[in-house]
Amino acid sequence: MSTQALISQLQTIVGKKYALTESDRVAPYATGFRLGGGSALAVVRPGTLVEVWHCLQACVKADVIVIMQAANTGLTGGSTPNGDDYDRPIVIISTMRIDSIHLIDQGKQIVGLAGSTLFGLEDRLRPYGREPHSVIGSSCIGASIVGGICNNSGGALVQRGPAYTEMSIFAQINADGELELVNNLGINLGDTPEEMLENLQYERYRADDVQYPDLLGSDNEYNDRIRDIDAETPSRYNNDGRRLHEASGCAGKLAVFAVRMDTFEIPKKQQVFYVGTNDPAVMEQMRRDILSTFKNLPIAGEYIHRTCYDVSKKYGKDSFIVIDKLGASYMPKMFAIKRTVDRWTNKLGFLPKNFSDKMLQWMSYLWPNHLPASMEEYRDRFEHHWILETGNECVDEMRAYLNEFFKTNEGEYFECTEREAEQAILHRFVAGGAIGRNKIMEGDKLGAVMTIDVAFPRNERDWFETLPQELADQIAVKVYYGHFFCHVMHQNYIMKPGVDAKAVKNQILDTFDARGAEYPAEHNVGHEYAAKETLKEFYRSLDPTNGFNAGIGQTSKLKYWGESSCGCGSDHH
């Protein structure tokens, strides 16, 4: 089939309005949130699961690569093309119009369709006193439920581990190049693909069609795993074969229509404690004490370094204000407006690049300080900040422990008011986008951005990075934050001008290898990290013809996983 014939067929399936081919309209979907990008023949935005199925049939018949994309909020470029050295054209199928969420058993479980989002799920579950696997973090930027599952996303919540389920419905291209629909949702939906997908879309199934198979809807072992503080391996990471199953960890090597997942009870009583110290060993001692001796684990324990505090305060301020005043659900609208503004300003040509970011940054300077005096005082006194979120019985346990611990250890804590708790948590979670803004605003004085998502072994004591001087001298800005109980750290750097970021990254990763660390921890390989053998084998087993998201994890971009001229099949040279 010619590419023009395929485009015509896709336009017939989804309507011309939802089949984008002009390069300026394709660009936002073909460009990663933080990195990566390439060209695509078309972006289609189906309105139903049946339309997705028909688009997939057309693409498989035309022998093009398909990239399934939900919110495109990944931090490693994993849901966009990467470069232009593919052997087939690429079609991106964006699922964000298909955002329904179904509740099962009074909200104890949910079915999230392909484009449903975490904040949509939060809203849906709130009346039932329940919440999703992940409640803040990627959800601030509109992340999807299915994207979280496909990438084993981690999240801040100590007791829940990576996003995981064994119940999903997906399309797969078999070894003969044929498209098949596999229904492992545990719901009887009918016989033919169209019938099943239509019944799922419109919730045309009864309570007695819902089965409860012996399959997991969440990681049921994580609670014990994280408490094993002397283990030589990390508690969670993307290359962990224990948590790779069909849709879970598939990184777009399957076309996932929906996932079924457990939900969690919202604690009746909650309290946030804010800890400050100048000694990383104090935090590690606390981590070990709490995980090994507490009867009830905390909800979350988010770390933020002083430099990160400052970068987040300055460059995450507009995101903070938008989420604080309008709610997280406004963020995707803001991103859509930004995309439109940037498209038009790029066309005009005389306005600065990244105009929308610069405009938002300038506007944020007019707003008064958005952080409370209590946090600002700790910023001046302490290098390391730890936001401890507790619920129910853990509240009193934590209060008693902190009271006793700081009688004899360096540092201090305060109990947050409800308002301070909101501000502290939100401040930590806008940090992720702040480093990119820092680079946009100071671009002429700074080099490339480089990010590392690493999981340290559970028994690691020296978690805080001290770089050799020759590496430190090449870096202009270092921003550290992370999920400290899980020993998952996000270490972001902006190089000095002219420095080779890739070379510096490889040197840092070599030191991690020597320490038994795993990377990536929760952002998945995308196009930034090479998939290790366990992941590679998993991808090949799911997608034998390499028709979905080819090249992910620096694997082959060629049909049937062929070798490229350099002999490795990847584009990382």
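Reply: Two strands pair if DSSP finds at least two bridges between them. Helices (H or I, at least four residues) and strands (E, at least two) are DSSP runs, numbered from the N terminus. This is a predicted model: local features need pLDDT of at least 70, side-chain atom pairs count only at pLDDT 80 or more, and totals for chains, interfaces and linings use all residues. Residues are numbered from 1 along each chain as its sequence is written, and side-chain values use heavy atoms, with hydrogens and water left out.

Me: OK. How many bridges join β17 to β18?

Reply: Eight; β17 (residues 475-483) and β18 (residues 488-495) run antiparallel.

Me: And what stands opposite valine 477?

Reply: Isoleucine 494, in β18.

Me: What is the strand order in the open sheet?

Reply: The seven strands go β15-β12-β14-β13-β17-β18-β16, with antiparallel pairing.

Me: Which strands does helix α9 touch?

Reply: Helix α9 (residues 306-315) packs on the sheet and touches β12 (270-277), β13 (300-305), β14 (384-391) and β17. Contact means heavy atoms within 4.5 Å.

Me: Switching topic. Aspartate 318: buried or exposed?

Reply: Buried, at a relative accessible area of 5%. Buried means under 20%, exposed over 50%, partly exposed in between (1.4 Å probe, protein chains only).

Me: Where is aspartate 318 found, and what is it in contact with?

Reply: Aspartate 318 is in helix α10 (residues 317-326). Leaving aside neighbours within four places in sequence, aspartate 318 contacts Met334, Leu360, Gln361, Ser364 and Arg437.

Note on methods
Axes are lines fitted to C-alpha atoms, for helices over the stretch in contact, and angles run from 0 to 180 degrees between N-to-C directions.
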